Amino acid sequence: MKRRILAAVLLLLSLLSCAAAAQELPGVECFSPGLVRLSEIEAKAPAMIAEAENVNVVRAGFARDLSVLSGMLEGMTIRYEAAPGGELLSFVRDGETLGVYDLPKDGQASDADALLGALAGRAVLERVQLEEIAGWLEGLSAGDELLLGFSVAEPFVLRRTRSDDGTRLTRIDFEAGGIARGDEAVWHVTGFLRQPAGRAPKDTFELVVKQDEKNFMELSYSSTRSSEITKKNAAGTARVTSSVKAAGKLAGSGISSRLSVTTKNAWTADGENLQEKITITATLNHQDNTPGRRMQRLNAVEAETKHVIGLATREGDDDAVELSDQLTLTLKLDGNTYAEGGMDVAMRVGGEASLRDAEARAWDEEAVRELAAAVYAQLDADVKERIQTGLNGL
């Protein structure tokens, strides 16, 4: 629920931004001007409100009966508010506020904070810019922290290739560089990143990260962008189709993954207002042959998420952005559905803060018990009966 969670979601969706111009329309160069505007506002650490409704849990772990949970979530709205003064979490059910809670501040920085801070203000779903990637890589020094406990062990040395007219960087090749985790041996990085021009450009990255013959990973990424105008300056569709593949070995055991992401932005505009409907579908297939993974049900993982995002922006209105997101998720472990559900989220980033400090109380174990009691008091008689039947069976 922390602000850095929002930053992490922006990081899974994209790396870098494009600049928004007056009444800029979606296309190859900029997939979503509305999300660009959102990123610019979010970089200023503004007030934010997010509400989740229609939370639907079809499967959760290996639970056989979710009828009680469904009864508890029926009519429930979970509201998150953030401002420079703090963060609040509220629960409202059938129009009645059950509790408003002040979220604790852990005060601990993670190894991802620096990277997420560098991504603040970056727009989502926009094309990676090789100039910025090359500058970032060459700016890293030995000892600089990366993600997952890795740090730079050997500074990166790159070879750059520019377009025939010299105006664009089209490819970078890794001539040297390595990363390491703790006292482990260095993982050397080789390969290239290529970014052509054109009306439907296809970015291609091919990298190999290798420690030895039993520990290596081959990574490949491709992304194709296209745009169709159905009515000049008034309507059209922008598309991005991307895939990431990883295959290799860890401690001699084979591991492979494939992530495919399809995004479509169906938009309309009138010169001042831009309406966008962005559909994002992501599928993941992961195979891990490490001994013991099958016993953990982690030998084969399949996941699919779908977002349907609606947002509207107006020229000259840089104070706030409102958007909606219909989210669904399915997760399978070794062919068995482990999690399935969805929710509707409405969000506003920017505008005036509305934290209600006087009404908030600490979020602790006692607060959780009181919230559970408040929810129980509102449940239908048949749900309470199922709860009692379950308790009697313990």
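The questions and answers below go through a few strands, a helix and the cores of this structure.

This is a predicted model, in which local features need pLDDT of at least 70, side-chain atom pairs count only at pLDDT 80 or more, and totals for chains, interfaces and linings use all residues. Residues are numbered from 1 along each chain as its sequence is written, and side-chain values use heavy atoms, with hydrogens and water left out.

Reader: Which residue in β3 stands opposite Glu81?
Author: Helices (H or I, at least four residues) and strands (E, at least two) are DSSP runs, numbered from the N terminus, and Glu81 is found in strand β2. Two strands pair if DSSP finds at least two bridges between them, and β2 pairs with β3 in the antiparallel sense over eight bridges. In this pairing, the residue of β3 that stands opposite Glu81 is Leu88.

Reader: Is Glu81 buried or exposed?
Author: Residues are called buried under 20% relative accessible area, exposed over 50%, and partly exposed in between, with a 1.4 Å probe and protein chains only. Seven of the eight residues of β2 are buried, so this strand is largely enclosed by the rest of the structure. Glu81 has a relative accessible area of 1%, and therefore counts as buried.

Reader: Where is Gly85 found, and what is its relative accessible area?
Author: Gly85 is found in the loop between β2 (76-83) and β3 (86-93), and a hairpin joins these two strands through two residues. Gly85 is exposed, because its relative accessible area is 60%.

Reader: In β2, which residue is the bridge partner of Ala50?
Author: Strand β1 (residues 48-60) pairs with β2 in the antiparallel sense, over five bridges. Within β2, the bridge partner of Ala50 is Tyr80.

Reader: How many residues of helix α2 are buried?
Author: Helix α2 covers residues 33-42 and is mostly covered. Its buried residues include Pro33, Leu35, Leu38 and Glu42. Of the 10 residues in α2, the number buried is nine.

Reader: Which residues touch the most other members of the largest nonpolar core?
Author: A nonpolar core is a set of buried Ala, Val, Leu, Ile, Met, Phe, Trp, Tyr and Cys residues joined through side-chain atoms within 4.5 Å. Leaving aside neighbours within four places in sequence, Ile278 is in contact (heavy atoms within 4.5 Å) with residues including Phe31, Leu35, Leu125 and Leu311. Of the 30 residues in the largest core, those touching the most other members are Ile278 and Leu311.
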